[in-house]
Amino acid sequence: MFIYIIRRLFQTIPVMIGVTLAVFLMMHLIPGDPAQIMSGEQASPEQVEAMRDKLGLNDPYHEQYFRYVVNAVQGDLGNSIRTNRSVTSEIFDTRFWITLELALWGTILAVILGLIAGIISATRKYSFADTSIMIVALFGLSMPNFWLGIMLIYFFSVNLGILPVAGWGSSWKQMVLPVITLGTGGAAIIARMTRSSMLEVINQDYIRTAYAKGVSDRLVIYKHALRNALIPVVTVVGLQFGGLLGGAVITETVFAVNGLGRLIIESISRRDFPMVQGTILVCAVLFVAVNFLVDITYRLINKRIDLN
């Protein structure tokens, strides 16, 4: 197991190099000159050129990239053009933890609802409950986050007045609508994947043997079938968590949550290149880390998986 973890850590290195290279190139290929923005609209060409020298923008791209990677590894993502504060401080003071909390609660909601719905659907194949759950799951997959969020605000905040319209952190009531909005799509995907995986496992010979030996339905479903059906579900959960970090951009904008998603939108609108670069890199690194943990979880769930 230890050797496998070390091997997987080394395998993430090329991925991280690709991520940093993509983020670096993206910021250099989009229109706009950071030196001009930092110097101000009234700055002379000489002042802009001096700022470019100060920022190292006149250096060859490979030198800029190497300097960017070295600084990023040390936790230095540059300074915000807008506030002149450290990008790392801006991200990790509060914004990162708000988005992480929102994504975690959204994932927990998606896993609970998805697993319950998928198990019920699989154990009652082609019944009314199965059909109803799959129809609801289809609606959950089809609804855009921003539309669902607006509808939830309209019914629960505007009409009923029982939940706040926006915000995060001061009360548990502020968390309800954003978490439901973010977790609904994930719950639908997990429900469909759980049903499909469970149906495949339930038809295996060892499940029929367990039933023939008189093992109770509950024990067969939750000890034998569900555990072996969780591998593809865990993959989906890991991808969903990473996707929720990106999907939080829309949810945070709808509910005025001051997380990473809203910070990205604000930074893009203000042409704050270092902040955009830093937030995207943090999200990408976290996504890679989650997928690494998913690979480790495979072995914990099913010890028969070959790690060689």
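**Exercise 1.** Classify Ile-112 in this predicted model: is Ile-112 buried, partly exposed or exposed?

*Solution.* Start with the value: the relative accessibility of Ile-112 is 46%. Next, apply the cut-offs: buried means under 20%, exposed means over 50%, and partly exposed lies in between. Ile-112 therefore counts as partly exposed.

**Exercise 2.** Place Ile-112 in the fold: which helix holds Ile-112?

*Solution.* Find helix α5, which covers residues 87–123. Ile-112 sits in helix α5. Then widen the view to the protein chain. Its secondary structure consists of twelve helices and zero strands.

**Exercise 3.** Find the surface patch that includes Ile-112 and state its accessible area.

*Solution.* List the members: Trp-105, Ile-108, Ile-112, Leu-113, Ile-116 and Ile-120. Now turn to the protein chain, with an accessible surface of about 16,900 Å². Carbon and sulfur atoms account for 66% of that surface.

**Exercise 4.** Describe the protein chain by extent, burial and contacts.

*Solution.* Take the extent: the C-alpha trace spans about 85 × 55 × 30 Å along its principal axes. Take burial: of the 308 residues, 42% are buried. Take contacts with a separation of 6 or more: 72% join residues 24 or more positions apart.

Methods
Residues numbered from 1 in each chain as written. Predicted model: local features only at pLDDT ≥ 70, side-chain atom pairs only at ≥ 80, totals over all residues. Heavy atoms only, no water. Helix = DSSP H or I, 4+ residues; strand = E, 2+ residues; numbered from the N terminus. Buried < 20%, exposed > 50% of the residue type's maximum accessible area, 1.4 Å probe, protein only. Contact = heavy atoms within 4.5 Å. Areas by Shrake-Rupley, 256 points an atom, 1.4 Å probe, with all protein chains shown as cover. Patch = residues over 30% accessible without salt bridge, like charges linked within 9 Å, V, L, I, M, F, W, Y side chains within 5 Å. Salt bridge = Lys/Arg side-chain N within 4 Å of Asp/Glu carboxyl O.
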